[in-house]
Amino acid sequence: MAVSTDTAIDPLDRTYLQKNYFALGCGDVLVSVCNIYLESAPQKIEQLHQLLPHNDSGPVISLLHGLKGESGSVGARHVMALAAELEKAARADDLETVRRALPDLELLLQQVITVITQEILS
C-alpha cells in the first residue's frame, strides 16, 4: 500500500491501518474486511435512497450507524465522521439534513472505494 503524506484529503487513515492491521501482520484480514465493505457500504447508500422518502428515521439511523462502524474498520475516517453526523441528525428526526448530505457521503465513499480497489486489493 502506498502511503500518502497528505492526510487532510486522504480517504483512508493510514496510521490506523498500519497500527491495527499491518503492524500486527494482519494484512490478509484487512483484505477480507475491505471486500466485505465494498459490498456492504454501497448497499447501505442505496438503501438510504430508498428509505429517506418514507420519512422513517429508525431504519435510517440503523443504516448510518452500520456505515459508520464499517467505515471505521477500514480506516475510512471521512465517511465515518459524516455518517456519525448524519446519524445524529436522524436521531433528532432531521432527515432533511441526511437528504442534503447524502451526495457528499456518496462522493466520500466513492473515493474510499477507489483507494481500496487500487491500493489494498490490487
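Arg77, a residue of helix H4, has a relative accessibility of 19% and therefore counts as buried; buried denotes under 20% relative accessible area, exposed over 50%, and partly exposed the range in between, computed with a 1.4 Å probe on protein chains only. The C-alpha atom of Arg77 is separated by 17 Å from that of Lys44, a residue 33 positions away along the chain. Helices are DSSP runs (H or I, at least four residues), numbered from the N terminus. The model is predicted, with local features requiring pLDDT of at least 70 and side-chain atom pairs counted only at pLDDT 80 or more, whereas totals for chains, interfaces and linings use all residues. Residues are numbered from 1 along each chain as its sequence is written, and side-chain values use heavy atoms, with hydrogens and water left out.

Two packed helices are described by the angle between their axes and the distance between the axes. Axes are lines fitted to C-alpha atoms, for helices over the stretch in contact, and angles run from 0 to 180 degrees between N-to-C directions. Helix H4 (residues 77–91) packs with helix H5 (residues 95–120) at an angle of about 165°, the axes lying 9 Å apart. H4 and H5 are therefore roughly antiparallel to each other, a term applied to angles over 145 degrees, with angles under 35 counted as roughly parallel, 65 to 115 as roughly perpendicular and the rest as oblique.

By class, the contact of H4 with H5 comprises 13 nonpolar, two polar and one charged residues; Ala, Val, Leu, Ile, Met, Phe, Trp, Tyr, Cys and Pro count as nonpolar, Asp, Glu, Lys and Arg as charged, and the others, Gly among them, as polar. Leu108, located in H5, touches His78, Val79 and Leu82 when residues up to four places away in sequence are not counted. Leu108 is partly exposed, with a relative accessible area of 22%. Its C-alpha atom is separated by 14 Å from that of Lys44, 64 residues apart along the chain.

Helix H1 (residues 14–22) and helix H2 (residues 27–51) pack at an angle of about 115°, with 8 Å between their axes. Leu17, Tyr21 and Phe22 in H1 meet Gly27, Val29, Leu30 and Val33 in H2, and this contact has six nonpolar, one polar and no charged residues. The structure holds one aromatic pair. The pair is formed by Tyr16 and Tyr21 in an edge-to-face arrangement, at 6.3 Å centre to centre and 75° between the planes. Rings of Phe, Tyr and Trp (its six-membered ring) pair if their centres lie within 6.5 Å, and planes under 30 degrees apart count as stacked, over 60 as edge-to-face and the rest as tilted. Tyr16 is partly exposed at 28% relative accessibility, whereas Tyr21 is buried at 8%.

Asn55 lies in the loop between H2 and helix H3 (57–73) and is exposed at 52% relative accessibility. Asp93 occupies the loop between H4 and H5 and is exposed, with a relative accessible area of 58%.

Conventions:
Helix = DSSP H or I, 4+ residues; strand = E, 2+ residues; numbered from the N terminus. Contact = heavy atoms within 4.5 Å.
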